[in-house]
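Please look over the sequence and the model shown here before reading on.

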Amino acid sequence: MESNAVVWFRKGLRIHDNPALDYACRGSSHIFPVFVLDPRYLHPDPSAFSLGSARAGLNRIRFLLDCLLDLDSSLRNLGSRLLVLRGHPEPASVICRILKDWNIRKVCYEFDTEPYGQARDRQVTDFARQLGIEVFSPVSHTLFDPAEVIKKNGGRPPLTYQSFVALAGKPPDPLAKTYSELPPVGNVGKVELLNIPTIEELGYRDIEQEEFSPFGGGESEALRRLNEVLKDKEWVANFEKPKGDPSAFWKPATTVLSPYLKFGCLSSRYFYHCLHSVYLTVGKHTSPPVSLVGQLLWREFFYTVAFGTPNFDQMRGNKICKQIPWKDDDKLLVAWREGRTGYPWIDAIMIQLKKWGWMHHLARHSVACFLTRGDLFIHWEKGRDVFERLLIDSDWAINNGNWLWLSCSAFFYQYHRIYSPISFGRKYDPDGKYIRHFLPVLKDMPNEYIYEPWTAPLSIQKKANCIIGKDYPRPVVVHDRASKDCRKKMGEAYAKVGSAEEEDDTAASESTTIQKRKRQT
DNA sequence: GCTCCGTTGTGGTC
DNA sequence: GACCACAACGGAGC
């Protein structure tokens, strides 16, 4: 008897440790491995501020296409293939249609915690259940089930890393299963199958950008990269995140596995498992929060809080977010976004973001602090949008979580600790090699002035072929003054924080409001 | 109400 | 590279 199963790939673009794929294969005569191309994610949007679609910059689109090509090739090696479908009018309705057309008995897809994914999957789940089709939606993108952690904590997400780690315990092992062959693909009937498009086929032509992300997508590349990392056991064992060098770019100071985790080319559980094996063989190793395992737990922490916090991605209506009267200044925002603030360290980072779609974690801190509480006092949501579009590893929960953190809106509140746009970078890279690469206009500026070129005498500027105010901008703000002003405004906003909460919700936060009132009297 | 703690500040000293 | 002063936040636990 025929028994057909669909494996719907969204994230989780891998064969290894893939419970949805594993379950689809069990007892099925045919499986249909499906990916739905979402035009909003892929097709050019000329109104966007950078090359790319409405939802993603070109680097991440390219990364996704790499992932799909690799997944298709792996499936073909197992006697199957990826069925690529057109996402009109939207991915969920396309899935509903094929469930019927292909006489599907069970549909399997990885559980997705993001609001967009939740709404999309609810449509499919409801539809399938009406038709009596089995839905299998396992948690496999994260180490833990965020809903369970929240339940363990009495219904609220833990709001500190330490309390999260105390609750979390040990994650489940990855699936050990490997395949020699998959059940054959069934008859797709009249459903149109697409090829995995190229960038050019999507309509991206005459691209002038001269440097693109050096990181290619796909499970094979993820596992190659992982094995490269694991080879250096000492490095893995001694890893301490805050000690990394943000200016290292040819050989980054971190693993750069984040984009692979984001798309699920690499299983977080498999990664965790491998790290643990290394720890066992070397004995002495670093620990969370700074260790590599600690980094995976940070990911879990943000996924959990994001899942359990309504309006996590905005200031308004977000209970854990400080209400701060951020400034609205498009000119400053654009200067930051385009790498024209006049601070070479900040601008070089923003250009690396634009060209590579990746920069070191501490570099992200520098520019996020500069945009928000450090210098420009612009809303973290604006910076979040820029990162979300341009980063190849942009991940809804983690990106929003980090912007909340850096802007001192949640999790972290020491707003007087401000990164200097001049000395922070110089500490790691006194010769400015990083700046010279990403801002070639400054390549002949002497070391002495590379972090503050506006202080160079005109004769030096001329000799370096870079006149400040003409070839490279003057600073948009004076850091010493701007940061002092920001500190003052943050202090005022913090002092007023009780009344902001009162505006948004009345009954729910009554007890905290009373506490705040007491404190004020 | 007090104390301790918090992945990743800066600028100074030794 | 390690330590300090600076200034000074909220959360958690008692």
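This is a predicted model: local features need pLDDT of at least 70, side-chain atom pairs count only at pLDDT 80 or more; totals for chains, interfaces and linings use all residues.

**DNA strand B**

- The protein has 19 residues around DNA strand B, and those that come nearest are Lys241, Pro242, Trp298, Ser420 and Ser423.
- Two or more residues of the surface near DNA strand B are given by each of helix H12 (292-308), helix H15 (361-374) and helix H18 (423-428).
- When the residues of that surface are sorted by class, nine are nonpolar, seven polar and three charged.
- Sugar or phosphate accounts for 43% of the atoms of DNA strand B that lie within 4 Å of the protein, while the rest belong to bases.

**DNA strand C**

- Around DNA strand C the residues are Thr160, Lys322, Tyr413, Gln414, Tyr415, His416 and Tyr494, and by class they comprise three nonpolar, three polar and one charged.
- Of the atoms of DNA strand C within 4 Å of the protein, sugar or phosphate makes up 84%, and bases make up the rest.

**Nonpolar cores**

- The largest nonpolar core holds 142 residues, of which Leu13, Leu68, Trp336, Phe411 and Met445 touch the most other members.
- Helix H12 supplies the largest share of this core, namely ten residues.
- Once its neighbours within four places in sequence are set aside, Leu13 is in contact with Phe35, Leu64, Cys67, Leu68, Leu71, Glu219, Phe263, Gly264 and Cys265.
- There is also a second, separate core of 23 residues, with Trp102, Val107, Val124 and Ala128 among them.

**Two loop residues**

- Cys265 sits in the loop between helix H10 (258-262) and helix H11 (268-282), and it counts as buried because its relative accessibility is 0%.
- Apart from neighbours within four places in sequence, the contacts of Cys265 are Leu13, Arg14, His16, Cys67, Gly218, Glu219, Ala222 and Tyr260.
- Between the C-alpha atoms of Cys265 and Val367, which are 102 residues apart along the chain, the separation is 28 Å.
- Thr113 belongs to the loop between strand S4 (104-108) and helix H5 (115-130), and its relative accessible area of 12% is why it is classed as buried.
- With neighbours within four places in sequence left aside, Thr113 is in contact with Gln118, Pro146, Tyr303 and Phe307.

**Helix H7**

- In helix H7 (residues 161-168), the buried residues are Tyr161, Phe164, Leu167 and Ala168.
- Because these residues cover an arc of only 130° around the axis, they are on the same side of H7.
- The cover over the buried residues of H7 includes helix H6 (146-152) and H12, whereas the face turned away from the buried side carries the exposed residues Gln162 and Ala166.
- After H7 comes Gly169, which has a positive phi, near 75°.

Key. Residues are numbered from 1 along each chain as its sequence is written. Chains are lettered from A and ligands numbered from 1 in the order in which they are written. Side-chain values use heavy atoms; hydrogens and water are left out. A residue is near a molecule or strand if one of its heavy atoms lies within 4 Å of it. Helices (H or I, at least four residues) and strands (E, at least two) are DSSP runs, numbered from the N terminus. Ala, Val, Leu, Ile, Met, Phe, Trp, Tyr, Cys and Pro count as nonpolar, Asp, Glu, Lys and Arg as charged, and the others, Gly among them, as polar. A nonpolar core is a set of buried Ala, Val, Leu, Ile, Met, Phe, Trp, Tyr and Cys residues joined through side-chain atoms within 4.5 Å. Buried means under 20% relative accessible area, exposed over 50%, partly exposed in between (1.4 Å probe, protein chains only). Contact means heavy atoms within 4.5 Å. The arc is that of the directions from the helix axis to the C-beta atoms.
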